[in-house]
Amino acid sequence: MRIDSTKYGGRCACGKEHTMATRLCVIESGALRQLEQLLEQQGLAGKKRCAVYGSVTWANPVFSHPRAEQEIVLPSEGLHADEHATGEVLRQLDEDVELLLACGSGSIHDTVRYCAAQRGIPFVALPTAASVDGFCSAVAAMTWQGYKKTMNAVAPLLVVADLDVISRAPAYLTASGVGDVLGKYIALADWRIAHELTGEAVCPVIYDIMEDAVGRIWDSCLDTLSGSAEAFESVMYGLLMSGLAMQLMGNSRPASGAEHHISHLIEMRPAALGVESDALHGEKVGVGTLIAAREYHRLAEIEDIAPYVRPYEPLDDGWLRNFYGEKLYPTAAAENAQDCLAAVTPEAIVRAWPKIREIIASIPAEEAIYEKLEKLGAKRSLTDIEVPEELLPVLIAHSPSVRNRLTLMRVRRMLKL
């Protein structure tokens with residue numbers, strides 16, 4: 001399968017001009033054997049290359065090392081896309097390198113896309129597992145000085161996903177990727193709810209791309225258990241299209257809502273939360289999706305929301321400082337300084353509630369999502385991701401403060417429940 005992603009750029013039916021930097025995505029068995037030809041077709045042949053790996057990928061006998069004048073290998077244990085990993089790549093990177101090759105999964109790709117932006121050079125994505133949905137994104141999900149944030153980066157010009165490599169990756173990596181994408185049911189609902197409450201623009205083309213991506217993965221993910229090449233192709237297609245949708249949007253709105261904010265809060269390890277989880281990002285998103293689906297469907301059982309609505313109140317600055325601690329407080333305060341919830345009125349919530357209940361009905365029930373993740377052997381509870389179950393109310397109440405983005409979970413601040 002080949003995705004000519006250039007056709008998605010340009011003037012859109014929504015009236016906006018969307019930018020698409022990625023030119024081609026190849027999802028095929030033996031795709032890496034075509035790499036030199038593909039690079040030549042994209043005008044990238046002859047450039048001095050540096051391939052960046054995690055140590056596990058570098059030692060993987062299934063992954064054929066692409067030709068590169070320089071290789072940088074980062075220790076896979078404890079590897080995160082952060083200032084340490086990017087600093088190490090930029091420190092080692094030869095000054096005359098003209099093209100970066102990202103060889104690995106999510107952390108390597110976010111690290112490389114950030115470094116490519118810093119050096120002003122292109123990069124090519126060579127994913128080794130169907131583990132995340134950000135391979136094609138133009139932004140990097142980084143943990144920067146402890147705070148989880150989305151940072152400007154660059155999208156790959158070319159993606160080469162070899163199904164011979166991806167289908168042999170550990171099953172938990174594929175399960176992580178599925179968890180990441182199933183979260184789009186929540187993200188898409190949050191996007192539509194924000195539109196109902198504040199008129200936030202929703203691009204129907206981007207929405208449809210994302211809805212198709214999550215639908216394909218919902219339908220095909222269990223067939224990866226039997227090693228079906230077609231199933232891995234469908235899952236990888238969904239993951240790449242999710243990234244392309246974010247690239248078109250220029251941000252992560254179509255792919256990240258309340259479920260990601262739960263994951264990000266755990267990853268940030270704020271002082272008052274007191275937890276450390278080594279679970280993969282997609283594993284935490286999968287658990288966050290179950291939490292959000294349960295809570296959203298619970299809220300939708302309320303037919304008349306009017307008795308529960310209260311006026312907007314800003315986040316308490318003292319609470320932010322106490323919860324996040326002195327290290328994370330400055331970034332948390334800046335993130336919430338222009339609270340998007342301030343644009344929501346009690347009247348808007350009451351007026352939009354019937355439509356919000358309809359939107360929530362489009363989210364699969366928690367039990368259905370749980371069944372998919374269970375059959376995949378994915379993590380499905382807070383305990384599975386090393387978080388005490390008693391912290392569930394804290395995660396629901398406080399995760400929206402991670403990102404100044406309107407979600408139904410953030411709207412809960414205006415509901416007396």
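User: Where does a positive phi occur just after H9?

Analyst: Just after H9, Gly250 takes a positive phi of about 90°, where helices (H or I, at least four residues) are DSSP runs numbered from the N terminus. This is a predicted model, in which local features need pLDDT of at least 70, side-chain atom pairs count only at pLDDT 80 or more, and totals for chains, interfaces and linings use all residues. Residues are numbered from 1 along each chain as its sequence is written, and side-chain values use heavy atoms, with hydrogens and water left out.

User: How many residues does H9 have, and what span does it reach?

Analyst: The expected span of a helix is 1.5 Å times one less than its number of residues. Helix H9 (residues 229-249) has 21 residues and reaches 30 Å from its first C-alpha to its last, close to the expected 30 Å.

User: How many residues of H9 are buried?

Analyst: Buried means under 20% relative accessible area, with a 1.4 Å probe and protein chains only. In H9, 17 of the 21 residues are buried, so the helix is largely enclosed by the rest of the structure. Across the chain, buried residues make up 57% of the 417 residues.

User: Which share of the contacts in the chain joins residues at least 24 apart?

Analyst: Contact means heavy atoms within 4.5 Å. Among contacts between residues at least 6 apart in sequence, 74% join residues at least 24 apart.

User: What box do the C-alpha atoms of the chain fill?

Analyst: Taken along the principal axes, the box is roughly 65 × 45 × 45 Å.

Methods: Buried means under 20% relative accessible area, exposed over 50%, partly exposed in between (1.4 Å probe, protein chains only). Helices (H or I, at least four residues) and strands (E, at least two) are DSSP runs, numbered from the N terminus.
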